[in-house]
Amino acid sequence: MDFKNAKELLALCREKNLPISEVMRQREILLGESTAESVDQRMDHVLEIMKDAAFSPIKDPVISMGGLIGGESRRLCEFHDQGKSLCGNVLGKGITYAMATLETNASMGLIVASPTAGSAGIVPGLMLALQEVYGFSDEKIRQALFNAGAIGYLAMRNATVAGAVGGCQAEVGIASAMAASAAVELLGGTPLQCAYAASTVLMNMLGLVCDPVGGLVEYPCQNRNAAGVSNALIAAEMSLAGITQFIPLDEMIDTMYAVGKKLPAELRETALGGCAATPSACEKCHLCS
């Protein structure tokens with residue numbers, strides 16, 4: 001059940017007649033020499049942490065350690081509850097939960113790095129929104145998380161998920177690809193459609209720089225997690241509608257990595273360029289004076 005790239009993963013799905021999630025789940029069981037029960041229990045625990053991280057700041061807003069964010073998710077939730085949302089139920093809830101998760105992270109709460117702390121809101125944001133709107137069981141969401149894990153594994157094996165190496169395209173980009181693929185499977189798409197969705201996301205987010213204000217995973221990271229949910233949802237809908245991509249996921253992962261390595265150091269998490277170097281950002285964080 002092992003695979004090194006998306007091509008091998010899709011071949012396994014065809015050979016075994018299994019979705020991506022189940023191939024990844026069985027890989028965890030076999031290579032980890034674990035029981036199916038223990039693997040499922042670990043993923044259940046992941047889901048519970050995701051829920052707490054996404055819901056807690058909406059009920060009890062907290063200010064981040066750097067003081068740059070805090071309370072945004074509650075404001076979004078209230079806006080949505082007033083019937084004013086422009087985004088609709090899934091996207092409106094998804095961006096709310098994604099931003100809430102970043103508030104939890106920035107206030108030293110417990111989150112699931114999926115795949116990183118700076119991009120931790122995207123997968124749970126979209127999964128929890130889909131669960132709430134469509135009524136999916138925890139078991140269905142748990143299975144979708146195995147799908148997301150497979151895409152994250154491919155990126156970590158063949159490229160990077162670190163902003164310091166590949167820019168924000170490697171963090172928010174890969175997280176969004178994970179969420180898009182998981183959403184496609186959750187809504188009945190094929191393994192190939194999952195790969196199309198993940199590839200679409202990376203195309204749309206290619207070149208995104210990592211420029212945290214003050215070097216803190218707060219701003220604009222929180223905003224980009226919301227944008228990542230949007231990108232994932234767009235890619236999933238395109239794929240489910242039958243739109244294909246002639247650039248396969250493996251090539252997009254390779255391209256993302258190549259682009260990331262060409263980004264100057266100022267745009268790879270050093271807080272020396274981009275948003276972090278604007279006068280307003282410097283005044284806010286007081287690190288440039």
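A polar contact here is a pair of N or O atoms within 3.5 Å. Keep that cut-off in mind for the first stop. The model is predicted.

**Stop 1: Thr-104**

Select Thr-104, in helix H5 (residues 88-106). Its side chain reaches the backbone oxygen of Ala-53 at 2.7 Å. Is Thr-104 buried or exposed? Buried counts as under 20% relative accessible area, and Thr-104 has 9%, so it is buried. Now show its surroundings. Leaving aside neighbours within four places in sequence, Thr-104 is in contact with Ala-53, Pro-57, Gly-109, Leu-110 and Ile-111.

**Stop 2: H10 against H11**

Select helix H10 (residues 191-205) and helix H11 (residues 221-240). Their axes come within 8 Å and cross at roughly 135 degrees. H10 and H11 are therefore oblique to each other. The crossing of H10 past H11 is right-handed. On the H10 side, colour the contact residues Gln-193, Cys-194, Tyr-196, Ala-197, Thr-200, Val-201, Asn-204 and Met-205. On the H11 side, the contact residues include Gly-228, Asn-231, Ala-232 and Leu-240. By type, this contact holds 10 nonpolar residues, 6 polar and no charged.

**Stop 3: H10 against H12**

H10 passes H12 in a left-handed crossing. Which residues of H10 meet H12? Pick Ala-195, Ala-198, Ser-199, Leu-202 and Met-203. Facing them in H12 are Leu-249, Met-252 and Ile-253. The contact of H10 with H12 has 7 nonpolar residues, 1 polar and no charged.

Technical notes
Residues numbered from 1 in each chain as written. Predicted model: local features only at pLDDT ≥ 70, side-chain atom pairs only at ≥ 80, totals over all residues. Heavy atoms only, no water. Axes fitted to C-alpha atoms, helices over the stretch in contact; angles between N-to-C directions. Helix = DSSP H or I, 4+ residues; strand = E, 2+ residues; numbered from the N terminus. Parallel < 35°, antiparallel > 145°, perpendicular 65-115°, else oblique. Left-handed = near helix turned anticlockwise from the far one by under 90°. Contact = heavy atoms within 4.5 Å. Nonpolar A, V, L, I, M, F, W, Y, C, P; charged D, E, K, R; others polar. Buried < 20%, exposed > 50% of the residue type's maximum accessible area, 1.4 Å probe, protein only. Polar contact = N/O pair within 3.5 Å; in protein donor to acceptor, adjacent residues only side chain to side chain.
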